[in-house]
Amino acid sequence: MKKLFILAAAAGLFYSCAEKTDYTVKGQIDELEGQVYLFDEEGNLLDSTQVDKGAFSFKGMLTTPTLRYVADKSDLELRPTFNTQFFLEKGQIMIKNGEDKSITVSGTPANDAFAAFGKSMKALMAEYRNPETSEERRTAIEETEHDALIQNAIDQNRTNYFGVWILARMKAYGLSGQELAEQVMQFPAELQETFLVKKLKEQAEKKLRTDVGQKYIDITQPDPDGKEISLKSVIETAGNKYTLLDFWASWCGPCMGEVPFLTKAYKKYHKKGFEIYGVSFDNNRDKWLGAIKDNKMKWIHVSLLKGFDNPAAKEYSIQGIPSNFLLDAEGKIVAVNLRGEALEKKLEELLK
């Protein structure tokens with residue numbers, strides 16, 4: 001019986017070890033000296049190693065793929081001169097710099113896929129910015145090819161962590177809660193317990209509460225005069241048929257690019273029952289008020305002046321700005337992220 005117990009324990013130990021995967025990270029960075037530090041996905045320091053003539057290495061075990069950072073400072077906020085991210089997974093990962101001093105990471109599926117995607121995106125953006133590129137071609141890149149490149153990268157990398165990463169960083173922002181949940185479920189079981197997939201699941205759950213058809217979540221914040229104004233009071237104002245909850249900031253270029261479209265829609269439909277409740281993620285009061293004044297943004301504005309550290313950002317699962325939600329007189333969400341001419345077209349449909 002004792003022998004059977006020992007064999008069973010040994011089998012259990014073997015099974016436990018088999019679940020983990022070995023990795024080796026080797027680096028060769030010219031002119032790098034001193035120590036190199038390893039950080040997790042949230043920037044927490046995990047390990048360090050000595051650099052020898054630009055070379056360094058890390059070895060270890062892991063249960064699931066993840067994202068890691070290496071830098072030449074023990075704190076990422078200390079502005080390291082060498083700092084790069086990579087996908088930690090089974091195999092040997094090589095980090096090195098080229099003749100142009102750019103950093104390349106290779107050796108495993110996720111890292112190789114990331115490098116290939118970077119080259120493709122760089123080529124597409126170079127074509128877009130080329131003065132000789134036609135407006136028709138630019139429109140195609142902006143409206144279809146850019147997003148198609150991202151979605152293809154996700155679909156082609158469902159079995160590695162790069163697919164998860166690109167969904168989280170470049171796609172999730174524009175998806176509804178249901179769409180995001182469907183994307184997440186397409187990753188295999190071994191990725192479902194990873195850090196980013198868990199975060200995406202949480203994000204999807206939050207987004208589901210603010211999908212089209214859901215009831216709005218109230219917000220109460222101070223206007224430029226310090227008066228507390230609630231979203232509820234705006235929606236319930238007599239005559240208001242539709243309210244746009246708009247998240248923006250004066251420092252956000254794309255946000256300011258939306259202002260002419262917001263202004264046009266407001267002038268055309270305000271008297272017909274359209275209002276805007278703008279929540280700014282500014283930190284600087286003067287810049288916030290300056291943007292409102294200079295751009296003649298005559299609708300309702302509120303802000304805590306705490307950037308993204310705003311309860312409304314969490315309540316509405318805001319991952320990036322500009323973001324907006326169109327609400328009807330009952331407070332039901334009827335559309336989200338109406339950018340450019342899409343807002344005016346939607347209002348034309350609703351306020352005939």
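Where in helix 9 does a kink of about 30 degrees lie? Select Val 259: the kink is there, shortly before the proline Pro 260. (The bend at a residue is the angle between axes fitted to the seven residues ending there and the seven starting there.)

Before you go on, keep in mind that this is a predicted model, where local features need pLDDT of at least 70 and side-chain atom pairs count only at pLDDT 80 or more, while totals for chains, interfaces and linings use all residues. Residues are numbered from 1 along each chain as its sequence is written, and side-chain values use heavy atoms, with hydrogens and water left out.

**Stop 1: the rest of helix 9**

Now select residues 253–269. Helices (H or I, at least four residues) and strands (E, at least two) are DSSP runs, numbered from the N terminus. Helix 9 has 17 residues and reaches 25 Å from its first C-alpha to its last, close to the 24 Å expected at 1.5 Å a residue (the expected span is 1.5 Å times one less than the number of residues). Its buried residues include Val 259, Leu 262 and Tyr 266; buried means under 20% relative accessible area, with a 1.4 Å probe and protein chains only. Show strand 11 (242–248), strand 12 (274–280) and helix 12 (342–350) as well, since the buried residues of helix 9 pack against them, with contact meaning heavy atoms within 4.5 Å.

**Stop 2: helix 7**

Next, pick residues 195–208. In helix 7, colour Leu 196, Val 197, Leu 200, Gln 203, Ala 204 and Lys 207, which are buried. Look down the axis of helix 7: the buried residues fall within an arc of 115 degrees, so they line one face (the arc is that of the directions from the helix axis to the C-beta atoms). They pack against helix 4 (161–170), helix 5 (177–184) and helix 6 (189–192).

**Stop 3**

Four strands form an open sheet here, in the order 3-2-5-6, with antiparallel pairing; two strands pair if DSSP finds at least two bridges between them. Strand 3 (45–50) and strand 6 (83–88) stand at the edges with a single partner strand each, so one side of each lacks a neighbour in the sheet. Zoom in on strand 5 (residues 66–71), which pairs with strand 6 over six bridges. Arg 68 stands opposite Phe 86 in strand 6.

**Stop 4: a hairpin**

Finally, select strand 7 (residues 91–97) and strand 8 (residues 103–106), which run antiparallel and are joined by four bridges. Five residues lie between the strands of this hairpin, and Lys 101 takes a positive phi near 75 degrees.

Note on methods: Buried < 20%, exposed > 50% of the residue type's maximum accessible area, 1.4 Å probe, protein only.
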